[in-house]
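Here are my notes on the model you sent over.

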Amino acid sequence: MNFVSILDSLDWMEKGAEHEINQVLNHKHLGNGSIILFHNDAKYTPQVLDTIIQGLREKGYTIVPISELIYTDGAYTMNHEGRQIPTKQAQSQDPQPMQGE
């Protein structure tokens, strides 16, 4: 995995079971390395979690421990979207100082 993306299920908004399922399974940033945020006191999460896990598996994703996703060796950093990117790539994205600064 090259990067991690944090996806908020928005379960805390309590907009309903279908909304929570769609929020996760159709999220524009869902991809390899995604970490999906659920809250432990959300109303609908217990009833939709099996459906979400099944939907993720049907899309070809595998559920793994977070320790397999987060790189801690210093070769990666987090960008503004919460994705891990190679440190060298992050340095090339830093704004360059203007002449005279």
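1. Let's start with what surrounds the largest cavity: its lining has two nonpolar, three polar and four charged residues. The classes put Ala, Val, Leu, Ile, Met, Phe, Trp, Tyr, Cys and Pro as nonpolar, Asp, Glu, Lys and Arg as charged, and the others, Gly among them, as polar. The lining residues are S9, L10, D11, E14, K15, G16, H19, E20 and Y44. About 30 Å³ of space lies inside, and the count comes to one cavity of 30 Å³ or more. For the record, a cavity is a set of points on a 1 Å grid over the protein atoms alone where a 1.4 Å probe fits but cannot get out, and lining residues have an atom within 4 Å of a point. Grid points are joined across faces, edges and corners, and a volume is the space filled by probe spheres set on the points.

2. A caveat before going on: this is a predicted model, where local features need pLDDT of at least 70 and side-chain atom pairs count only at pLDDT 80 or more, while totals for chains, interfaces and linings use all residues. Residues are numbered from 1 along each chain as its sequence is written, and side-chain values use heavy atoms, with hydrogens and water left out.

3. L10 is not a glycine, yet has a positive phi of about 55 degrees. E14, also a residue other than glycine, has a positive phi near 50 degrees. L10 is found in the loop between β1 and α1, and E14 lies in the loop between β1 and α1 too. L10 is partly exposed at 23% relative accessible area, and E14 counts as partly exposed at 41%. Here buried means under 20% relative accessible area, exposed over 50%, and partly exposed in between (1.4 Å probe, protein chains only).

4. Overall layout: the chain has three helices and four strands, running β-α-β-α-β-β-α from the N terminus on. Helices (H or I, at least four residues) and strands (E, at least two) are DSSP runs, numbered from the N terminus. Of the 101 residues, 32% count as buried.

5. What covers the buried residues of α1? The cover includes β1 (5-8), β2 and α2, and the buried residues themselves are A17, E20, I21, Q23, V24 and L25. Note that E20 also lines the largest cavity.

6. Helix α1 (residues 17-25) and α2 pack at about 35 degrees, with their axes 10 Å apart. Axes are lines fitted to C-alpha atoms, for helices over the stretch in contact, and angles run from 0 to 180 degrees between N-to-C directions. On the α1 side, A17, E20, I21, V24 and L25 meet T45, Q47, V48, T51, I52, G55 and L56 in α2, contact meaning heavy atoms within 4.5 Å. By class, this contact has seven nonpolar, four polar and one charged residues.

7. Last, the largest pocket, with about 450 Å³ of space. Of the 20 residues that line the pocket, S34, T62, I63, V64 and L69 are the closest to its centre. A pocket is an open set with protein on both sides within 12 Å along at least five of seven lines. β2 (34-37) and α2 (45-58) each supply at least two lining residues, and α2 gives the most, with four. The pocket lining has 14 nonpolar, six polar and no charged residues.
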